[in-house]
Amino acid sequence: MSAQGVVERASAELSKRITGLGLRGKHHSRNGLQKTSVMERVTNVFCGGNVSSVPPDKPSRFRSKSATGVAQVHPVTPQTVRKIHLPEHPQSLQELLMDDRFLGKFFTYFSASERRTLAQVCVRWRDLLYRSPRYWSGLMPVVRCRELRQAHPQDRARLYASLLRRGFSSVCLLGAADEDALDLVHSFPLATKHVHSLSLRCSSVSDRGLEALLDHLQALFELELAGCNELTEAGLWACLTPRIVSLTLTDCINVA
């Protein structure tokens, strides 16, 4: 038998079986109601059946039935309509430069170093930049201790608080002395948990000042000493702890 004959025979057999299902469906009834055949159900699905097969609409939540069974429609009041508050768009250049959504994208076009200048434009820009640590990733703040000594104690505490707000986990003390090390201990109490890396450069910190710093910075694991000529080798090894996993020494004449 050829391929065409096989297809014709299979088509005829399939049509016969579907017709048989349809004829048998007409003889079965339930509670006096005639069932639809298989072919009718298939036709209703793909081509749309009669109106009687369409399920009734779901009653609206704004409709209710009275005592007589007649549906009543309640009018829509402002209380039943959900209010949608659309965000207000800036109407001027001044409003645009103060808009949080615009500034959040605007700051991403600058490097972390350039954002230091942007933070000095106004208080709002500074607060927005200080609010997100992602703007300051990759930077290490350098504290110039000789200039910081002349500042008010509240200003020094405010400086250390700004480092914490920006999410800095490392700090560099430039030109520090023992009094600067003790001031950091008293003015920056949260550094004990948040500072992981410390760098002392061109400083006159002695063994006593270094010991005070390492006792205060309990989360410290990276230490850099560059140009610290007042430190001794005995004092350095005496205050080091096992949590220091990285130590860098440069130009410390009293440390071999």
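Arg 149 is partly exposed, at 33% relative accessibility. In this predicted model, the side chain of Arg 149 meets that of Asp 180 in a salt bridge, with an N to O distance of 2.8 Å. The two residues are 31 residues apart and link distant parts of the chain. Asp 180 lies in helix α9 (residues 178–187). Arg 149 sits in the loop between α7 (145–148) and α8. Asp 180 counts as buried, because its relative accessibility of 9% falls under the 20% cut-off.

Salt bridges occur elsewhere too; the structure holds eight. One of them joins the side chains of Asp 100 and Arg 124, at 2.7 Å from N to O. This pair also connects distant parts of the chain, 24 residues apart. Asp 100 belongs to helix α4 (residues 100–106), and Arg 124 to helix α6 (residues 123–131). Both partners are partly exposed: Asp 100 has a relative accessible area of 37%, and Arg 124 has a relative accessibility of 38%.

Helix α6 also contains Asp 127. The side chain of Asp 127 forms a salt bridge with that of Arg 165, at 3.8 Å from N to O. Arg 165 lies in helix α8 (residues 153–165), so the pair ties together parts that are 38 residues apart in sequence. Asp 127 is partly exposed, with a relative accessible area of 24%. Arg 165 is partly exposed as well, at 41%. The pairing extends to Arg 126: Arg 126, Asp 127 and Arg 165 are linked in a network of salt bridges.

Conventions. Residues are numbered from 1 along each chain as its sequence is written. This is a predicted model: local features need pLDDT of at least 70, side-chain atom pairs count only at pLDDT 80 or more; totals for chains, interfaces and linings use all residues. Side-chain values use heavy atoms; hydrogens and water are left out. A salt bridge is a side-chain nitrogen of Lys or Arg within 4 Å of a carboxyl oxygen of Asp or Glu. Helices (H or I, at least four residues) and strands (E, at least two) are DSSP runs, numbered from the N terminus. Buried means under 20% relative accessible area, exposed over 50%, partly exposed in between (1.4 Å probe, protein chains only).
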